[in-house]
Amino acid sequence: MHNILPWLLNLLVLTLVLCNEEDNTIEKCNLSNSIKQEIASYQNIANQIIAAINGKFKNSTYNHLDEFISEFGNRISGSKNLENAIDYMIIKSEMYNLENVHGEDVVVPHWVRGEESATLLHPRVKNLPMLGLGSSVGTPPEGILAKAVVVSSFEELKKISSKVKGKIVVYNQKYTSYGESVIYRRDGASMAAKYGAVATLIESITPFSLATPHTGWQAYADNITKIPTACITREDANMLHGMYKRGKTIYIKLKMEAHFLPPAISRNVVAEIKGTTHPDKVVVISGHIDSWDVGEGAMDDGGGAFISWTALAILKAMGFRAKRTIRTILWTGEEEGYIGAFAYAKEHSNETKNLNFVMESDIGTFTPLGLKYSGLPIVGCIIQEILNLLRELNTTKVLTPADGGPDLTPWLNQGVPGASLDNANERYFWYHHSAADTMDVEEPEPLDKGTALWAAVAYIIADLSFDIPKNLTVL
């Protein structure tokens, strides 16, 4: 209860908040006129930011990202490529006169894919495009040759459990949503290993495929044999399932050199613009700098990282310095489980109370629509008033929760309010964790709009006369 009373006395802002349970949109907010007027007073600032990004800084985010991706490509944790990319961003941040620029060490896993292949040998011969899943063990050097069984669910696997020993289990699960379907990638190997499977091949977690496999991290359960696991294309999973249902005997040979090297030292990249009157209070804008080792990581999460970095660089170039500090963080080790974010949260645990608002973009940077927030209902009301200043961008939509910013988890769980970018990302999982994640996915205009949204919201929140309220029952 350390600061709730002064805040209530100063604001008296919230009298009623109604939410539409069907789509989580805010239906009605009653904020005090003084708060509405204060937020409305930033219309000129918002207009200046939008005008600058449509003028002098037009295409800046795309150009910075394109140069970065061209130079470094994909950036998996533990790789020299990632560390070179981090060095580049630190030097670039200093060149653009950003403040308190530095890297903060983080221990990350170093998983290496190596050579890999999957081949259908019977009832006909066919190469099966595949990608080993992160943290998978490898096969023996000669590979694994075994019969395959094909199932569409864990329930079906359990029903045929007596037939699984010594087999390769192929999962041909139905895609419902990423959040629901990803459990097959995460848990598929251990679920099959319980019944004696020697390996698993999992249909890629994507709603659309052009014969492209998608990788991702997987998790072995404790006290269960670790078996090699990889993703195959939707097309091949469907084909194998058809064969299996017709009673065909299926033989597959799998070879994977996947293994771990010793853990490596990586870094979170930090840059900021110090606040004028409350420099210890911080608004964070962020994305992650690492990626998978296929494709180029332009979408996941190059776009999110660069709207966060470019927004700060543009605010600095325009001479906008808010009352609170605006800090850009480029997280490392996100793909292996938000490792950089959790390390930062632990190292800076004494600063959590000073985090005013946290933002991350990690669900695509297609045409922005607004923000998805987590926090008290009043947070959504304040965000709505701020987004109303950005009607020119058509980014006035407010949803909850902030489920497109996974690196924010340590702070959202503690009651710190935050937001992720809501964007027209229906195609996001078409490219996600695949060789198709390249600059061809990105376009200059949506990146400009996302940068303008990010810069305006971060600056206004950092400059308001009041702190964004936290959920004190959690803190």
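Predicted model: local features only at pLDDT ≥ 70, side-chain atom pairs only at ≥ 80, totals over all residues.
**View 1. Stepping back, S7 and S8 take their places in an open sheet of 8 strands.** Reading across, the order is S5-S4-S11-S7-S8-S9-S10-S6, and the pairing is mixed. Look for the edges at strand S5 (126–127) and strand S6 (130–132), each of which pairs on one side only.

**View 2. Two helices meet the strands of the sheet.** Helix H7 (residues 178–193) lies across S8, strand S9 (199–203) and strand S10 (229–232), and runs at about 150° to S9. Helix H8 (residues 234–245) packs on the sheet too, with a direction that makes about 85° with that of S7. Among the strands that H8 touches are strand S4 (116–122) and strand S11 (251–256).

**View 3. Helix H4 packs against helix H14 at an angle of about 110°.** H4 spans residues 60–72, H14 spans residues 444–463, and their axes are 7 Å apart. That angle is why H4 counts as roughly perpendicular to H14. On the H4 side, Ser60, Thr61, Tyr62 and Leu65 make the contact, while H14 brings Pro444, Leu447, Asp448 and Thr451. Sorted by class, the contact has 4 nonpolar, 3 polar and 1 charged residues.

**View 4. An unreviewed UniProt entry lists residues 268–456 as "domain: Peptidase M28".** Over this stretch the chain is 32% helix and 25% strand. Its end C-alpha atoms are 24 Å apart.

Definitions and conventions
Residues numbered from 1 in each chain as written. Heavy atoms only, no water. Axes fitted to C-alpha atoms, helices over the stretch in contact; angles between N-to-C directions. Helix = DSSP H or I, 4+ residues; strand = E, 2+ residues; numbered from the N terminus. Parallel < 35°, antiparallel > 145°, perpendicular 65-115°, else oblique. Contact = heavy atoms within 4.5 Å. Nonpolar A, V, L, I, M, F, W, Y, C, P; charged D, E, K, R; others polar. UniProt positions renumbered as here; feature names shortened; annotations may be inferred. Pairing = 2+ DSSP bridges.
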